[in-house]
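Hello,

Here is the structure for your review.

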Amino acid sequence: VMSKNKMKIQIEPIEIPDNPSNKVTSDLPFLPRKILNKDGTYNFHPEGIFSRRIFGKFGSCTCGKLRKPGYCVECDCRVISKRKMPIFYIELDFDVPREILNISETDKRKREIITKLYYYQGFLYDGEYVEYNVKNNNSGYKRDKILFGKEAILSMGVSEEEYNSNVRRKITIPHTSYRQITRTKDGKYFLSKLNKIYILMIRLNEKFRDNYYDGMTPLTKMNIYHKMGVELIKLDKELFQLLSENKRNIVTNELNGQRQTGMIRAVITNNFSLDEDTLIIGYHFISTLYPYLYQKYTHNGETDIDGINNELKKGKYLVLFNRQPTIGAKSIIAMIPIFSKVEAEKFVIQTNPIIFDGLAADVDGDSLNILALYTKEACEEARKLMPSVNYIEGSNSSIRNKIPEEFEYVKQLGDK
């Protein structure tokens, strides 16, 4: 949905099915007082974040007797398949925010407060937002005037349905092969940041078990919630770091096998009447590049292409334009998208050939990629990649994009 020059995307959360076999319940990585077995291998806790009973091994069990998915009765090790990887998870006793929040509130200040409330970075006291810190516990706040978490968020006008769509109690945990233990020559071991975060999450959650939860004051609870919110932010950063460094992990392989949303590929043609920053796109691609605009401006089978173009222009939206393989600094550029209403042009894209130099492109059937940018911040950053500000070749400071030839050609036309 687009409103006030901002495009919002509805992201459907993935629900993790209940399965005790995939659930981590202990914060202990090893069995107490027995970290190593006699053969020098680790003695992992059967319910912990390295459990062979939960995460298992690929292909065969520890003792080698089982070589198909299942559980080995001899070594208590699970055998799993990379092709049908289980979804491992930790289940919490209270609500935490999803990785990406979808908040319908349009007021900027109110939206910021709601986001902070989801992450337990603050609370409401007598209707006013208060930023949380450990000193709050001794500030003399009256219990009956403190609202945090769900109660506070609902009091801000968020519906129960929207709240539930933005929270979770299950947090996925990667397979142990992607967060291994580091062991030194002298026998010491080190847990990665990712493993430490998962352990701390389980420990924080344990504080809410049994009668301990009932005896807490609101701000004591808030302190635990706040710590969990901090750890969730760290977790997201560590996971993105893991994805960027490990190109052969399961998540990346899965993403590479999926269709890229908001992206199309089409044949390029000449249009000398365009300025160098403008890209004309056939109307056939509207529903793929901008599905929410397409839905907004399509009624009774007719699409208001002028309305879509006006909204893109008003919001100063850009697209990334790329010819594969990406072999140079100018192989990816940013351009201003305009959709064509012409039937004969519905399957092609058009640019001024003045930009072909950076793309190493021509019009003998070359196909190029277009990726839509949806946020104001992304479009602002992409302006640095527009052809109009990238005339200078980085390697030798020469003028690129055939500008000298274009200048000479126009000069000759003027002389005539």
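This is a predicted model: local features need pLDDT of at least 70, side-chain atom pairs count only at pLDDT 80 or more; totals for chains, interfaces and linings use all residues.

Residues are numbered from 1 along each chain as its sequence is written, and side-chain values use heavy atoms, with hydrogens and water left out.

**Open sheet.** Three strands run in the order β9-β8-β10, with antiparallel pairing. (Strands are DSSP E runs of at least two residues, helices H or I runs of at least four, numbered from the N terminus; two strands pair if DSSP finds at least two bridges between them.) β9 (128–131) and β10 (146–147) each have a single partner strand, so one side of each lacks a neighbour in the sheet. β8 (residues 122–125) joins β9 over 4 bridges. There, Leu124 has Tyr129 of β9 as its bridge partner.

**Strand β18.** This strand (residues 319–322) pairs antiparallel with β19 (residues 332–340) over 4 bridges. Leu320 bridges to Ala334 in β19. β18 is also joined by 4 bridges to β21 (residues 367–372), again antiparallel. Asn322 has Asn369 as its partner in β21.

**Surface patch.** Ile35, Leu36 and Tyr189 form a nonpolar surface patch, with about 220 Å² of accessible area together. (Patch residues have over 30% relative accessible area and no salt bridge; nonpolar side chains are joined within 5 Å, like charges within 9 Å. A salt bridge is a Lys or Arg side-chain nitrogen within 4 Å of an Asp or Glu carboxyl oxygen. Areas are Shrake-Rupley with a 1.4 Å probe, and for residues only the protein chains shown count as cover.) Tyr189 lies in strand β13 (residues 189–190).

Best wishes
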